[in-house]
2 protein chains.
Amino acid sequence: MISPAQFFKCLSDDTRLRCITLLQQEGKLCVCELTTALELSQPKISRHLASLRQCGLLLDSREGQWVFYQINPSLPDWTTPLLVNALQAVQSTESFKIDLQRLKKMANRPDSALCC
Amino acid sequence: MISPAQFFKCLSDDTRLRCITLLQQEGKLCVCELTTALELSQPKISRHLASLRQCGLLLDSREGQWVFYQINPSLPDWTTPLLVNALQAVQSTESFKIDLQRLKKMANRPDSALCC
DNA sequence: TATTAATATACGGATAATCATATATAAAAA
DNA sequence: TTTTTATATATGATTATCCGTATATTAATA
């Protein structure tokens, strides 16, 4: 089970924090959607997602060629308010406005909020 | 001003997390009190307190030979619920029970909750 | 089967974090 | 003034983190 210190380490990097924030907003996203939305390289996103998966913070599920990530719904209770407040903190400080509408226009698969 | 990622990095280490938790419970403690309460070396505690001070999370104030630390009361608003929830998380997961009564018996100065 | 698209991982380098130990500094006490 | 107490910091070693680049893997498509 994840410890508080481990949990905070997961949130201690901008890329991870932005991934988690997007996943909390959108529910489920594949790697290429996060890559597009955050304008970062695919290996960089994949590595951070892998570390969050290894900590138990995220779950992954393959659907064909895509691998979708979501926040693990079975996290310990004490993480819930922290994730909610972390999301609010990120949004209240960074100009963290992903233009989701623009990205939706680029979508090439129906079930996806963003593109690949 | 501290960023969310920086803030979470401050909370990503057990020693720092325990210092912050104790300071939140007790208000103001000197280095030797934290050293005694957490049973860790003085340089280790001092180094972590210095890093938290440099991030703006803690304030220090010298009183004679003692240096007291406290949580900076002027932190941005978004940090307040996070600190409260972090404290609860630490207490709900770790067997983080400092025997304050025992430590008070060792006190050798009236204004201090713990000893030196 | 060959190719493409999506994802993961290995590799090497750069930087940061952490610690134990030793030493420096500052204030109080002898 | 010497010593003691409390605290800070320097040093060197070890380990961890982060990244770009290259490559491997998996599934879909031509």
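**Two chains and their contacts**

Modeller: Let's start where the chains meet: 18 residues of chain A are in contact with 18 residues of chain B, contact meaning heavy atoms within 4.5 Å. This is a predicted model, in which local features need pLDDT of at least 70 and side-chain atom pairs count only at pLDDT 80 or more, while totals for chains, interfaces and linings use all residues. Residues are numbered from 1 along each chain as its sequence is written, chains are lettered from A and ligands numbered from 1 in the order in which they are written, and side-chain values use heavy atoms, leaving out hydrogens and water.

Biologist: Glad to have you here! What is the area buried between chain A and chain B?

Modeller: Buried area is the accessible area (1.4 Å probe) that two parts lose on being put together, summed over both. Between chain A and chain B, carbon and sulfur atoms give 76% of it. The count of salt bridges between these chains is zero, a salt bridge being a side-chain nitrogen of Lys or Arg within 4 Å of a carboxyl oxygen of Asp or Glu. The buried area itself is about 1500 Å².

Biologist: Which element gives the largest share of the side of chain A that touches chain B?

Modeller: Helices here are DSSP runs (H or I, at least four residues) and strands are E runs of at least two, numbered from the N terminus. Helix H1 (4–10), helix H2 (14–26) and helix H5 (79–93) of chain A each give two or more residues to that side. The largest share, eight residues, comes from H5(A).

Biologist: Let's cross to chain B. Is B:Pro4 buried or exposed?

Modeller: B:Pro4 lies in helix H1 (residues 4–10) of chain B. Leaving aside residues up to four places away in sequence, B:Pro4 touches A:Leu17, A:Ala89, A:Val90, A:Thr93 and B:Trp78. Its relative accessible area is 1%, and the class limits are under 20% for buried, over 50% for exposed and partly exposed in between (1.4 Å probe, protein chains only). B:Pro4 is therefore buried.

Biologist: Nice. How far apart in sequence are the parts tied together by A:Lys28 and A:Glu63?

Modeller: The side chains of A:Lys28 and A:Glu63 meet in a salt bridge (3.8 Å, N to O). A:Lys28 lies in the loop between H2 and strand E1 (29–30) of chain A, and A:Glu63 in strand E2 (residues 58–63). A:Lys28 is partly exposed at 37% relative accessible area, and A:Glu63 is partly exposed at 37%. The parts so tied are 35 residues apart in sequence.

Biologist: Which residue forms a salt bridge with B:Asp60?

Modeller: B:Asp60 is partly exposed, with a relative accessible area of 38%. With the closest N and O atoms 3.5 Å apart, the partner of B:Asp60 is B:Arg53.
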